[in-house]
Amino acid sequence: MSTDHDLDRRPDGVDDATVRALGTLGEAVETVERARGHLYSFHQLCGTADLKIGEAVEQLREAGHDEVADELEREIVGRNVLDGRWSFQVVEEYDDGYWSAVRAAHRGAMDHLAGGVRHIHEAEMKARRITSGHPQHRSTP
């Protein structure tokens, strides 16, 4: 392994199995973060769709289709995407519940097992994969 101090993050006494487990937990947290991003995409897409439907309602009225416009406005515009919730409420519930709990558990595990040091597994992988002397393989900018 490289002797570069920027990549030598492993605290004394932390074994390979612990580093591997923390790396796997980190991957899981990254997946939860990706899910959160998709949830925000869902939120934005739902909002955009609602605004576009509202725009269509106005266009239908201008085209003389008041009955169809009225039904769309009554049944769809502003409708909850889930029971009692608009998409922002879904995002808030996810953030306040699962996402926050996973992040706190991850932080707790890192603090307890590795003194709070992050990305030990990745830093060690980078150190193993560096081509010595190559300008694009430096450990830091």
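Predicted model: local features only at pLDDT ≥ 70, side-chain atom pairs only at ≥ 80, totals over all residues.
Helix H1 spans residues 16–62 and contains 47 residues. From its first C-alpha to its last, H1 reaches 69 Å. This is close to the 69 Å expected at 1.5 Å a residue. The buried residues of H1 are Thr 18, Val 19, Leu 22, Gly 23, Gly 26, Val 29, Val 32, Leu 39 and Val 57. Just after H1, Gly 64 adopts a positive phi of about 85 degrees.

Two packed helices are described by the angle between their axes and the distance between the axes.

H2 packs on H1 at an angle of about 160 degrees, and the two axes are 8 Å apart. The angle is over 145 degrees, so H1 is roughly antiparallel to H2. The crossing of H1 and H2 is left-handed. On the H1 side, the contact is made by Val 57, Leu 60 and Arg 61. H2 contributes Asp 66, Val 68, Ala 69, Asp 70, Leu 72 and Glu 73. By class, the residues of this H1–H2 contact divide into five nonpolar, no polar and four charged. Val 57 of H1, one of the residues in this contact, is buried.

The axes of H1 and H3 come within 10 Å and cross at roughly 165 degrees. H1 and H3 are therefore roughly antiparallel to each other. Their crossing is left-handed. The contact of H1 with H3 has 20 nonpolar, five polar and four charged residues.

Trp 99 lies in H3. Its relative accessible area is 15%. Buried means under 20%, so Trp 99 counts as buried. Leaving aside residues up to four places away in sequence, Trp 99 touches Val 32, Glu 33, Arg 36 and Tyr 94. Of these, Val 32 is a buried residue of H1. Trp 99 and Glu 27 are 72 residues apart along the chain, and their C-alpha atoms are separated by 14 Å.

H4 meets H1 at an angle of about 110 degrees, with the axes 8 Å apart. H1 and H4 are therefore roughly perpendicular to each other. Val 19, Gly 23 and Glu 30 of H1 meet Ile 120, His 121, Glu 122 and Glu 124 of H4. This contact of H1 with H4 has two nonpolar, two polar and three charged residues. Val 19 and Gly 23 are both among the buried residues of H1.

The loop between H3 and H4 holds Gly 115 and His 119. Gly 115 has 66% relative accessibility and therefore counts as exposed. Gly 115 and Asp 12 are 103 residues apart in sequence. In space, the two are 9.7 Å apart, C-alpha to C-alpha. His 119 is partly exposed, with a relative accessible area of 41%. Most residues other than glycine have a negative phi. His 119 is not a glycine, yet has a positive phi of about 55 degrees.

Key: Residues numbered from 1 in each chain as written. Heavy atoms only, no water. Helix = DSSP H or I, 4+ residues; strand = E, 2+ residues; numbered from the N terminus. Expected span 1.5 Å × (residues − 1). Buried < 20%, exposed > 50% of the residue type's maximum accessible area, 1.4 Å probe, protein only. Axes fitted to C-alpha atoms, helices over the stretch in contact; angles between N-to-C directions. Parallel < 35°, antiparallel > 145°, perpendicular 65-115°, else oblique. Left-handed = near helix turned anticlockwise from the far one by under 90°. Nonpolar A, V, L, I, M, F, W, Y, C, P; charged D, E, K, R; others polar. Contact = heavy atoms within 4.5 Å.
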